[in-house]
Amino acid sequence: MEKVVNLSILGGGAWGTALGIALAPRFDRVRQWIYEHDLALRMAATRQNDIFLPGCTIPNNLEPVSDLTVAIEGASIVIGVMPSHHARRLYREALPHVHVSTTFVSATKGMEAGTLLRMSQVMEDVIGTRFDPKIAIISGPSFAREVAKGEPTALAVASTDAGVAAAVQEAFSGPTFRLYTSTDPIGVELGGALKNVIAIAAGVVQGLGLGNNTMAALITRGLAEITRLGVAMGAQPRTMSGLAGMGDLVLTCTGDLSRNRKVGIELARGRTLIDILGSTPTVAEGVETNSSAVALGAKFGVDLPIIQQMHAVLHGTKSPRDAIRDLMERSLKSE
């Protein structure tokens, strides 16, 4: 396939940088928008993101910039990889400069607080005021550092337009980065967002010193919760047994590189959430997503016991150990 000319990546964290490294060989030019001007300058000079992904070399055709207009100029594909709470603002700022032919890809694994919208819905909400945008979502088991190192990774790319999903699949897939198409953006996005909350619970299990039995039960029942809510919201059940569901959930609950899992471990060790979040520049999306997930469960009448217990732990109204005990002492029922 001929290279798509220009790719724009909106987000300067580990995941945005890893995507830039992985996708640069597929494009003539990649521009990555970085919020921190000084970081953009250092990345251009040293060819490394020394804050969020140190030790991984940035390709020569990737240009770090801190000017959003410059970043998206002439882009055939724009990938949103910003934290979820910044998404609407950045898409609004980008709106006057995007072209009707541009394809928009969301790689943010989170939800918008308050509105309870998925990231593709935020895209549609903002960009749709100018034209009907082509939107896709990519999600699946993907630690940024491993993607940047070129370790084989498989993700799902979903869109309501099968042609858009296929085009992104073709543009992004390479020797170490493989995409599978899906027609279920609801399931793919929810799987990517909600697994972060379950991963916090997995960290609690780890931090309390509990064993493999407990972890396996948590992951399995966590997947059941994600599936229940997803189906209630219109997702396809089979999506949750795929890369964006079970695959991403297992990785984030068991992998040492999981930011959300680390939050749970530290909570179980007695640290406060404010202290944990203040000690790292990275974002643990599960903390923000948790309240939205609880609200969605209430809205759609879906029981989410693990997510609800993590809400109590994150808000300091229950200890991690009490949360695990209460999960085990719930009324008995069939699987």
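Tutor: Happy to. Let's begin with Asp50, which is partly exposed because its relative accessibility is 36% (buried means under 20% relative accessible area, exposed over 50%, and partly exposed in between, using a 1.4 Å probe and protein chains only). Before going on, note that this is a predicted model, in which local features need pLDDT of at least 70, side-chain atom pairs count only at pLDDT 80 or more, and totals for chains, interfaces and linings use all residues. Residues are numbered from 1 along each chain as its sequence is written, and side-chain values use heavy atoms, with hydrogens and water left out.

The partner of Asp50 is Arg42: the two form a salt bridge whose closest N and O atoms are 2.6 Å apart (a salt bridge is a side-chain nitrogen of Lys or Arg within 4 Å of a carboxyl oxygen of Asp or Glu). Arg42 is also partly exposed, at 28% relative accessible area. Helices (H or I, at least four residues) and strands (E, at least two) are DSSP runs, numbered from the N terminus. Glu189 counts as buried because its relative accessibility is 6%, and Arg118 is buried too, at 10%.

For a contrasting setting, turn to Arg269, which is exposed at 59% relative accessibility. Its side chain meets that of Glu266 in a salt bridge of 3.3 Å, N to O, and a network of salt bridges links Glu266, Arg269, Arg271 and Asp275.

Leaving out residues up to four places away in sequence, Leu218 touches Ile198, Ala201, Ala202, Val205 and Ile306 (contact means heavy atoms within 4.5 Å).

Ala14 and Trp15 return at the open space: together with Arg259, Thr282 and Val283, they lie nearest the centre of the largest pocket, among its 47 lining residues. Here a pocket is an open set of points on a 1 Å grid over the protein atoms alone where a 1.4 Å probe fits, with protein on both sides within 12 Å along at least five of seven lines; lining residues have an atom within 4 Å of a point. About 1200 Å³ of space lies in this pocket, a volume being the space filled by probe spheres set on the points, which are joined across faces, edges and corners. The largest share of its lining, five residues, comes from α11. Helix α8 is among the elements that each supply at least two lining residues, as are α1 (14-23) and α6 (144-148).
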